Each structure stands twice: as structure tokens, then as C-alpha cells.
Amino acid sequence: MSMRLRSGNLDDRYDDPEADSLGKKFCFPTQPEDVKLMLPELQKLEMMKEKFAKLLLGEDMSGSGKGVCTAVAISNAITNLYATAFGQLYRLEPLKLGKRLMWKREMECLLSVCDYIVDFVPSWQELPDGRKQEVMTSHLRSDVRMNLPALQKLDNMLLGILDSFGNTEFWYVDQGSLSSDADNFGQMTPRQDEKWWLPTPRVPPRGLSDKSRKHLLQKRDSASQILKAAVANNSSILEEMEVPESYMETLPKTGKATLGETLYKHITSPEHFYPEDVLDCLDLSTEYNALDIADKVEASIYVWTRKGVLAHSKSSWDLVTADGGKMDMLTDRAKSLLLCLKQRCPGLSQTSLDTAKIQYNKDVGQAVLESYSRVLEGLAYNVVSLIDDVLRADEVAKESTATKLFKTIPSDSPRIFEVRLVHSPQDSLA
């Protein structure tokens, strides 16, 4: 049995009356000019098809079935989309329209999988004769139903914060233009941190107005609240994920071997345990050191939890109360220390356990919620940092203005000196 293929090209259908009538009925383009106008939309469609194909293939373009699972593929897709849309967000300004539309369109596509993550719950259905029959109905899974709308609200709030900076008193200068800008507008304050290549915010010589500074502080407070909500959401989702067996197999057998001599002495001290005092004794000057301590403390939690479970399984009641109680105490101390460390270092990267959970997770719902909350956490943190940069530039400008004003005050005018620096009603009336 053979199949006869129709030969020809795309232009042949313009001579086909049947194809033309179908095009008018379903609003398909039927003229070459219409096709050219729709090229941008067709290109977007091709991009979406390519990304959808990568999801189905598990990022294995050979098609041999060696790709990652669906959960990891969706998590990577959300992370990559965030990097594309917000990776160049170095200025406090509205997101460009093209990137905004791309973010909304592709996130809607990626999140649509959550519409089909359901639980079946029993309910009663009334039959035509009045009798009731128990049936199973589908509802969105509880974690998706509770967390996804909240994350979408945080997403819209962050975009709204960026939109509020469309018309501002401050502006940005690229690092290559610092010298010329300093000649034209006065003192420049170049970056001294490791991100020296980023554009530097500039404010008027006398600083921002009270209205503009108040607006910045309000938006910073909102972004900080969003950051806390995203961190809490991400932490709760990671807590629900299963700990991979590969991670448990790599843990040392004792807490001392996990923590090291110094940190182990701090946590197991017989005296009162204060997490803040312990952190004050540790070197948290770099992110590498802080992340290394977080990895060790988190690993010790599972080492002591495992030993506590083994202690409770022993037959002797005395051994259970002695070993189990000590393990529970050390576990609680390690958890409180880890919590304080994350609060002190809010921009800390993912720990080894978090990375392993994401890598080996197979639950699609948890993968979507975790990756979505993680990228929103990163966006909120960046917005807070950008606002802090502008506020810091404002403080430098006002200090510079105050210094210049102080130098222009004559040495024999103490009365003027007092009026200039002490802003009280009595001084103003004097």
C-alpha cells in the first residue's frame, strides 16, 4: 500500500479555491502580504514549539531518552526564562515591553501544567430520581491551589514596583562615562564592590527631593516584604521535598566530622546556646564562607536526626532517653543556627542539600512552585539592591553638599553656623 504525497509549495494554496474559503472561515492568512505581516508571530510560535519540544525531550536533543525528568526540565525552563527576561536588569526602570510580554506569555505556558495537577476527593452527586451517589471529583492539589496564586500576585507586585520608576529624578551612568559625567555634574561616586562594571546611579547635586526619597523607601519596604514572602514560600516547598538517598549516603557518620572542631564545640557547648553569639564568632566575611558553614550545619541536622532515630529504635529505655534526647537537642540547636545564618545573609546561594533536592525531584508541582518562588526571590533581592544603590548615592550627594556648605561659613560667624546646622524652630526665629 503506497501513499501519494501532494507536490508543490506554500504558494500553491493561493490558487486553490477550497483553501481560500477555509482561510476566510478560520482567519488564516490567504495573501502573501498577510503572511509577511504575521512573520513576527510565526517566529514566536516557532520559538515556543522549540521550547516545548525540549521539554518533551527532557533537554536530550538526541531523543534517546537519556534526558532529565519532566520536573527538572520545567524547573530549568523557568530558571532560563528568568535569566533571559531579568538577567540584564541593572537599572531601576520599567521592564522593556518585549521582555515583559515574553515573561508573561511563556510563564503562562509553563504554569499551565499546574491546571492538571489534581487530587481526587469523594463528593456526593444527586441522581435524577433524588438518590445520592458518592463519586470522585478532581480538585487542584492543595499545595498548588494555595501557593501558585500567591506567587503570581508577588510577580505582578514586583513588575508594578519596576513600573513605578518610569519618571525619576535619578539616572544612570555607564562606567566608561564616569570622568566626563563628573566634569559636567560634579562629584562622582564609582562602585567599589565586585560588580564594578554595572551602571552607577546619579542624583542631582543637592540630592533627591523628599517626595522622591519617600517613594524609594516605600517601594523598598514593599520589595523587602515580597522578598520575605518568596523566601518563606521557597523554604517551605524545599522542606516538603524528599531528601535524595545520594545525599544521605555522602554524609559523615558523626556530627563532629561534619562540622569541624570549632563549630562542633560551639553547638555542643554545655552552657546556654545563643545562635547570634555563635555567628559573631564565625567568619562570614565572604559568601563562600557563609555557604560552607550553612552546608555543614544543614548536614549535621540530618546526621543527628539519623542517630536520633537509631537511638529511639534501641530496646533499652535508658539508652533511648539519653541518646535520643541529646540528639534532639543538638538537632534543634543546628536548626536555629541555620535559620539565624539565613536571616543574617539573605542573599545566600542554595545549599548542597537544596541543590540535590531540586536535581533529583520528580514532582512536577513542587518543581514549578520551587523554581517560580526562587526566581521571584532573586528578582525581589535585585530590586532591593538597586533601590539601596540609589539611596546610597543620595546620601553621598547630600553629605557632599553639607561639607561644601560648612566650608563656606566664615569662622567669625558662630550665629550663622548654629542656624545652618541646627534646624529647630527657635533657631530659625532667632
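Which residues lie nearest the centre of the second largest pocket?

1. The model under discussion is predicted. In the second largest pocket, the residues nearest the centre are Lys51, Phe52, Leu55, Ala77 and Leu110, and the lining as a whole comprises 20 residues. Helix H3 (39-57), helix H4 (70-86) and helix H5 (97-111) are the elements that each give two or more residues to this lining.

2. The volume of the second largest pocket is about 550 Å³. H4 gives the most to its lining, namely seven residues. By residue class, the lining of this pocket divides into 12 nonpolar, four polar and four charged residues.

3. Strand E1 (residues 118-126) and strand E2 (residues 132-140) run antiparallel and are joined by nine bridges. Within this pairing, phenylalanine 120 has serine 138 in E2 as its bridge partner. The hairpin of E1 and E2 has five residues between the strands, and glycine 130 takes a positive phi near 95° there.

4. Helix H6 (residues 142-163) consists of 22 residues. From the first C-alpha of H6 to its last, the helix reaches 33 Å, close to the 32 Å expected at 1.5 Å a residue.

5. Which residues of H6 are buried? They are Asp143, Val144, Asn147, Leu148, Leu151, Leu154, Asp155, Leu158, Leu159, Ile161 and Leu162. Here a residue counts as buried when its relative accessible area is under 20%.

Notes. Residues are numbered from 1 along each chain as its sequence is written. This is a predicted model: local features need pLDDT of at least 70, side-chain atom pairs count only at pLDDT 80 or more; totals for chains, interfaces and linings use all residues. Side-chain values use heavy atoms; hydrogens and water are left out. Helices (H or I, at least four residues) and strands (E, at least two) are DSSP runs, numbered from the N terminus. The expected span of a helix is 1.5 Å times one less than its number of residues. Buried means under 20% relative accessible area, exposed over 50%, partly exposed in between (1.4 Å probe, protein chains only). On a 1 Å grid over the protein atoms alone, a cavity is a set of points where a 1.4 Å probe fits but cannot get out, and a pocket is an open set with protein on both sides within 12 Å along at least five of seven lines; lining residues have an atom within 4 Å of a point. Grid points are joined across faces, edges and corners, and a volume is the space filled by probe spheres set on the points. Ala, Val, Leu, Ile, Met, Phe, Trp, Tyr, Cys and Pro count as nonpolar, Asp, Glu, Lys and Arg as charged, and the others, Gly among them, as polar. Two strands pair if DSSP finds at least two bridges between them.
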